[in-house]
Amino acid sequence: MNNDDHSQEKWQTKLDDFLAQSSPSLDNKVVARTYEQDEPIGNQLDDLQTIEQALHIEEHLDEIGLQAVPEALQNKLSQITKSDHSSANDTIEHKDNVIKVNFNRKLSIVALAACVTMVGILNFNWSTPSFNNQQPSLAEINQAQQDLAIAFNYLSLAKTKSTSQLTQTINLKVHQPMMKSLLKPLTIFKES
Amino acid sequence: MKNFLLTLFILLSLSPAIQAKEISEERGYVSFDNLEADYGEPKVMINLNQSMLGFVSKLSASDPEVSELISKLKAVRVQIYSMNNDDKPALDLMTKVAKDIKNKNWMPIVTINEKKEKVRIFTKLTGEIMDGLVVMIINEENDKKEAVFINIIGEIDPEKINKVTDALQIDTGL
């Protein structure tokens, strides 16, 4: 077993220990449920647990630490950077005309991207709640739920008052005169 | 270069349409004047926007019908004032709002004019869908006077109001 394998195993053990000893926070559970409902991938329970675990790891990444890059991979990455430099030098030395054309084209693409970004920034509504408060806490959501309950309680109150008033009016204007008119012939009949 | 300028022009001309619509521009929105000068700070002041209602809707996912109803709301605004003996400012506001929204084709569905109880309920209809509701109550009960102004923006089914209240299952002390 070489050093890379050993370090990878050590990191994995550390991560496993961390996950076994701690559980995702309530906030993470709510966020995970929101994500899962927005874009379900496969099995609901598995998705939910995976997202919760990912959020939990992200939150405690400083404690866990990052996995060291294996030496072989590091060498390969260095080689890519070197070969990029050499090919760029070749282009500068041998293809002056082509570079000029590409440079103009690249410049206009960069300018276009910059303008699009500027338009986006200028038109962004900075006062939108989604910007100022992207992810409300569980306490804030609970407070909102309570506020909504108060609003709907008052709506129910208005509905009850309206219904009771309607019943009273019907009773007063329709029901009572109708009953009187029905009872009168019965009384006359009884007297006779 | 010509293409670049053309693209930029199209982006600039389309950008206002891309912006989020302000809540005050919604069909179901009604503005209530502030009565703080007459009655002090409101007893209850609620302003719930669409994103917060979205989160509440997710929390109520156990009842799909209630969750769907809440998710269709765009805003819920409530102002409740405890009144002193002078109910004129609240009555004036009720009359003003009722007059304004009648001119904007809101439909009055309930009007109660009792001595101790005045209620106005208006709805804004788009076809057969109700996308705005205004409830104004001036109420006196056990020597307690209060003025209630509620504006619900978004699609709402009045038949399901009680269902939502029951589903939220919170003791609001009302």
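**Lys145(B) and its chain**

Reply: Read along the sequence, chain B runs α-α-β-α-α-β-α-β-β-β-β-α, giving six helices and six strands; these are DSSP runs, helices being H or I of at least four residues and strands E of at least two, numbered from the N terminus. The model is predicted, so local features need pLDDT of at least 70 and side-chain atom pairs pLDDT 80 or more, while totals for chains, interfaces and linings use all residues. Residues are numbered from 1 along each chain as its sequence is written, chains are lettered from A in the order in which they are written, and side-chain values use heavy atoms, without hydrogens and water.

Of the 174 residues of chain B, 43% are buried, meaning under 20% relative accessible area with a 1.4 Å probe and protein chains only. Contacts (heavy atoms within 4.5 Å) with a separation of 6 or more come to 64% from residues 24 or more positions apart.

Lys145(B) sits in strand 6, residues 144–154. Lys145(B) is buried but has no salt bridge, which would need a side-chain nitrogen of Lys or Arg within 4 Å of a carboxyl oxygen of Asp or Glu. The nearest side chain of opposite charge is that of Asp87(B), 4.1 Å away; Lys and Arg count as positive, Asp and Glu as negative, with His and the chain ends not counted. The side chain of Lys145(B) does reach the backbone oxygen of Asn85(B), at 3.2 Å. Leaving aside neighbours within four places in sequence, Lys145(B) is in contact with Tyr81(B), Ser82(B), Met83(B), Asn84(B), Asn85(B), Asp87(B), Asn139(B) and Glu140(B).

Key:
Buried < 20%, exposed > 50% of the residue type's maximum accessible area, 1.4 Å probe, protein only. Polar contact = N/O pair within 3.5 Å; in protein donor to acceptor, adjacent residues only side chain to side chain.
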